[in-house]
Amino acid sequence: MSQQIDYNDRPWLDPDAEPFIKVQSVSKHFGDFTAVDSVDLEIYKGELFCLLGGSGCGKTTLLRMLAGFETPSSGSILIDGINMTDVPPYERPVNMMFQSYALFPHMTVENNVAYGLKRDGVAKMEIAQRVEEMLAMVELTQFRKRKPHQLSGGQRQRVALARALIKQPKMLLLDEPLAALDKRLREQTQYELMNLQEKLGVTFVVVTHDQEEAMTLSTRIAVMDVGRFQQIGTPTEIYEFPNSRLVANFIGNANMFEGRVSENGTDHVVVESKDPACNFYIDHGMSIQEGSKVWVAVRPEKIKISKQPPGETSTNSIKGMVGDIGYLGGTSTYRVLIGDQRIVEITSPNLNRPKDGNPPIDWDEEVYLSWEPSSPVVLTK
Ligand SMILES: Nc1ncnc2c1ncn2[C@@H]1O[C@H](COP(=O)(O)OP(=O)(O)OP(=O)(O)O)[C@@H](O)[C@H]1O
Ligand SMILES: [Mg+2]
């Protein structure tokens with residue numbers, strides 16, 4: 001029996017689902033500079049979609065076009081089936097939370113949250129009730145009379161979130177929502193954001209340049225580079241099956257080896273790398289012409305490090321010397337020198353507490369690195 005796909009969790013796989021947002025060949029030029037370069041994108045209801053990319057790659061510009069603060073130079077944007085070309089920001093079913101939260105400094109927390117509803121002329125009673133609910137949801141009830149400067153970064157972030165959500169948009173655009181928070185608060189807030197999103201069923205589009213954040217939050221991620229999408233996929237797809245060296249290096253760490261395909265079998269390929277000398281036997285489905293130049297990416301956690309040689313050493317194994325060890329408590333990172341130049345990084349969980357305080361593998365020791373045939377990814381660009 002074939003496995004049933006749960007389309008509620010993964011609507012993008014449902015052939016009958018209509019995307020909530022459809023971006024079609026959208027470009028944005030500023031003078032002769034191209035900030036967004038002919039992108040296509042479909043986002044479905046209830047998704048928490050991340051735009052991930054380095055500084056200046058066009059994330060904010062794309063978000064601003066979705067919100068209506070910027071007009072595409074070409075292409076079209078449909079939201080909920082309606083072409084947004086002539087729809088002004090305040091008539092779109094979206095709300096945007098800006099990169100800097102842009103709270104009103106002279107207003108209290110509750111007035112900041114109430115602002116959008118007041119401006120829309122909502123009745124006083126209703127405003128009071130909705131503000132109450134919103135403050136309770138983001139756990140700010142006790143700070144309602146404070147002004148923004150009397151709040152922590154995380155609390156300010158929650159005010160901005162409450163202010164954006166109170167108008168019950170169908171879609172919320174968040175530009176670097178957690179950038180101002182320290183690591184611990186950031187992680188905590190990531191989960192809060194996910195819970196909130198699930199509770200409200202609002203579609204979130206989140207911009208971030210933090211790959212861990214994107215991995216934690218998203219249903220899907222679009223990796224962006226100089227105005228274009230390099231890859232769109234679930235966090236697992238992007239991490240385990242990057243489509244290019246750029247994506248492999250951008251998301252997590254990858255050891256990259258250049259080589260040539262020396263064997264193109266029906267169920268495997270062999271890639272021969274010269275520097276370092278190593279044969280990669282890769283057993284997952286791909287067909288690449290013999291002789292082609294490719295890159296093999298192997299994630300640090302998928303490499304085994306050991307003082308004993310693995311059973312078979314002609315493929316999927318290299319010998320080296322430990323150059324550096326980074327002890328992180330739960331895991332250790334080994335930087336292993338192969339030959340004179342090449343460094344391969346391995347992360348390994350510290351499963352056992354060393355009895356005599358000595359690490360199981362020490363600096364300058366000779367070690368064997370090995371990996372499973374399913375671990376390497378072959379990249380052609
Ligand atoms: N109004 C503008 N006029 C001219 N150039 C602009 C304008 N707005 C953005 N740009 C340029 O477009 C490019 C993309 O900018 P954008 O703000 O979208 O980047 P970003 O991906 O959000 O970066 P960051 O992570 O630093 O916020 C940048 O090179 C920027 O300088
Ligand atoms: Mg930006």
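Modeller: Ala, Val, Leu, Ile, Met, Phe, Trp, Tyr, Cys and Pro are counted as nonpolar, Asp, Glu, Lys and Arg as charged, and the others, Gly among them, as polar. This is a predicted model, in which local features need pLDDT of at least 70 and side-chain atom pairs count only at pLDDT 80 or more, while totals for chains, interfaces and linings use all residues. Residues are numbered from 1 along each chain as its sequence is written, with chains lettered from A and ligands numbered from 1 in the order in which they are written.

Around ligand 1 stand Phe-30, Phe-33, Ala-35, Gly-53, Ser-55, Gly-56, Cys-57, Gly-58, Lys-59, Thr-60, Thr-61 and His-209 (each has its C-beta atom, placed from the backbone, within 6 Å of the ligand). Sorted by class, this shell holds four nonpolar, seven polar and one charged residues. Helix H1 (59-67) and strand E2 (33-43) each supply at least two of the shell residues, and H1 gives the most, with three. Helices (H or I, at least four residues) and strands (E, at least two) are DSSP runs numbered from the N terminus.

Strand E1 (residues 21-30) is joined to strand E4 (residues 74-79) by five antiparallel bridges, and Lys-22 stands opposite Leu-78 in E4.

Beyond E2, the loop that runs to strand E3 (48-53) contains Tyr-44. Tyr-44 counts as buried because it has 20 C-beta neighbours inside 10 Å (20 or more is buried, 12 or fewer exposed, in between partly exposed, with C-beta atoms placed from the backbone). Apart from its neighbours within four places in sequence, Tyr-44 is in contact with Pro-11, Trp-12, Ala-17, Pro-19 and Phe-20; contact requires C-beta atoms, placed from the backbone, within 7 Å.

The largest nonpolar core has 93 residues, and Leu-66, Val-113, Ala-162, Leu-172, Leu-173, Val-205 and Val-223 have the most contacts inside it. Such a core is a set of buried Ala, Val, Leu, Ile, Met, Phe, Trp, Tyr and Cys residues joined through C-beta atoms within 7 Å. Val-205 touches Ile-43, Phe-49, Leu-51, Leu-63, Leu-66, Met-171 and Leu-173, not counting residues up to four places away in sequence.

Ala-160 also lies in H4, and it counts as buried because 23 C-beta neighbours fall inside 10 Å. Just after H2, Gly-121 takes a positive phi of about 75°.

At the scale of the whole chain, an automatic or database assignment gives domain 1 (11-247) and domain 2 (253-379). Their C-alpha centres lie 39 Å apart, and four residues of domain 1 are in contact with five residues of domain 2. On the domain 1 side, these comprise two nonpolar, one polar and one charged.

Methods. Pairing = 2+ DSSP bridges. Contact = placed C-beta atoms within 7 Å.
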